[in-house]
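Subject: Structure handover

Hi,

Here is the structure for you to take over. Please open it first, then read my notes below.

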Amino acid sequence: MPNPDFDGNGWVDLSDFFLFSGAFGTRAGQKGWDRRFDLSKNERIDLGDFYIFSAQFGTPTLYRDVEIRNQADLDALLEELETINSIAGQEAEQGQIPYSHKKKEFRIDGSLFIGDSLTTVSNIVSLARLEGLQGVAGQLVIQNTANLIGLEGLANLQVVGDKLVIGGNKALASLEGLSRLRQVGGSLIIGGDIGGNTRLQSLSGLRGLEEIGGMLAIDGNTSLASLAGLEGLIKINGQLILKNNSTLLSLDGLENLTVVKGQLVVEEHAQLENLAGLASTLTFLF
Ligand SMILES: [Ca+2]
Ligand SMILES: [Ca+2]
């Protein structure tokens, strides 16, 4: 995504608008031209750029990937958000922005990685204070945490633009914190190559999800007894993979799933007696 936070204060605001206005109407090579403002990349600063700018006006956004590998990373992020929010608060107070900044909302226009891909992280216990996070444009990966019990800090997250991976979290019991999530643009992988979430008992936090942009893989979650919580899911644009969830007894929860654009892969499921949870109207397209 183009970055309209021209002055880099974490907030697409009036100061950016003034910078943008100063260059409006110019073409590549002319006096006043500045490539930063050509958000549409057509070598001129025009209305198209203004529309892109306007669409992002008002919500603080981090235009980069965010990695939280330990508590210190989380503290640093929260401190940065405090700064962004105080700027936002001042602008709102001065009436400079048509936006009431009460909820401390913010977005990440990159990926958010929580935990570590190589080692188990033990000092991330809670994601509290990330309540303002509304959307992640790239991937959201929550991996290899030893003591993260819930995802309540993500209670206002509505959109993940790319894949959502939750794997190798040894204490995670519930996904309840994701109850406002309504869109995953890529695959949804719960467990998988990183490792299962061995204490995860329920998917009930995913009730807002209607469509998954890629595959749905649920793999290696050895405490998961059912797929209840996926009742809202209608369409999967990839494979449906169920592997090594040794306590899974039924597919109840998938009864509203109508389209899967890939194969159904069921492996290592001795306890699963039949596929009765799947709707009779379910179509596999591949
Ligand atoms: Ca700005
Ligand atoms: Ca342009």
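A word on terms first: a residue is called buried here if 20 or more other C-beta atoms lie within 10 Å of its own, with C-beta atoms placed from the backbone. Also note that this is a predicted model.

**Overall**

The chain has 286 residues, and 37% of them count as buried. Its secondary structure comprises three helices and 17 strands. Along the principal axes, the C-alpha atoms fill a box of roughly 70 × 40 × 35 Å. Contacts reach across the sequence: of those between residues at least 6 apart, 70% join residues at least 24 apart.

**Domains**

The domain assignment gives two entries. Domain 1 covers 6-57. Domain 2 is written in two pieces, 59-70 and 104-284. Taken over C-alpha atoms, the centres of domain 1 and domain 2 are separated by 37 Å.

**Helix α3**

Helix α3 takes in residues 71-93, 23 residues in total. From first C-alpha to last, α3 reaches 32 Å, close to the 33 Å expected at 1.5 Å a residue. Which residues of α3 are buried? They are Leu74, Leu81, Ile84 and Ala88. An α-helix has 3.6 residues a turn, so residues three or four places apart point the same way. The cover over the buried residues of α3 includes β2 (66-68) and β3 (106-108).

**The sheet**

Eight strands form an open sheet with parallel pairing. The order is β2-β4-β6-β8-β10-β12-β14-β16. β2 and β16 (264-267) are the edge strands, and each pairs on one side only. From one strand to the next, the twist averages 5°.

β2 runs parallel to β4 (residues 112-115), and three bridges join them. Glu67 has Phe113 in β4 as its bridge partner.

Now go to β8 (residues 164-167). Is each face of β8 covered or open? Both faces are covered. Leu164 and Ile166 are buried on one side, Val165 and Gly167 on the other.

β8 has partners in the sheet as follows:

- β6 (residues 140-143) pairs with β8 in the parallel sense, over four bridges. Gln143 stands opposite Gly167.
- β10 (residues 188-191) runs parallel to β8, with three bridges between them. Ile166 has Ile190 in β10 as its bridge partner.

So much for the handover.

Best wishes

Technical notes:
Residues are numbered from 1 along each chain as its sequence is written. Chains are lettered from A and ligands numbered from 1 in the order in which they are written. This is a predicted model: local features need pLDDT of at least 70, side-chain atom pairs count only at pLDDT 80 or more; totals for chains, interfaces and linings use all residues. Helices (H or I, at least four residues) and strands (E, at least two) are DSSP runs, numbered from the N terminus. The expected span of a helix is 1.5 Å times one less than its number of residues. A residue is buried if 20 or more other C-beta atoms lie within 10 Å of its own, exposed if 12 or fewer, and partly exposed in between; C-beta atoms are placed from the backbone. Two residues are in contact if their C-beta atoms, placed from the backbone, lie within 7 Å. Two strands pair if DSSP finds at least two bridges between them. Axes are lines fitted to C-alpha atoms, for helices over the stretch in contact, and angles run from 0 to 180 degrees between N-to-C directions. Domain bounds come from an automatic or database domain assignment.
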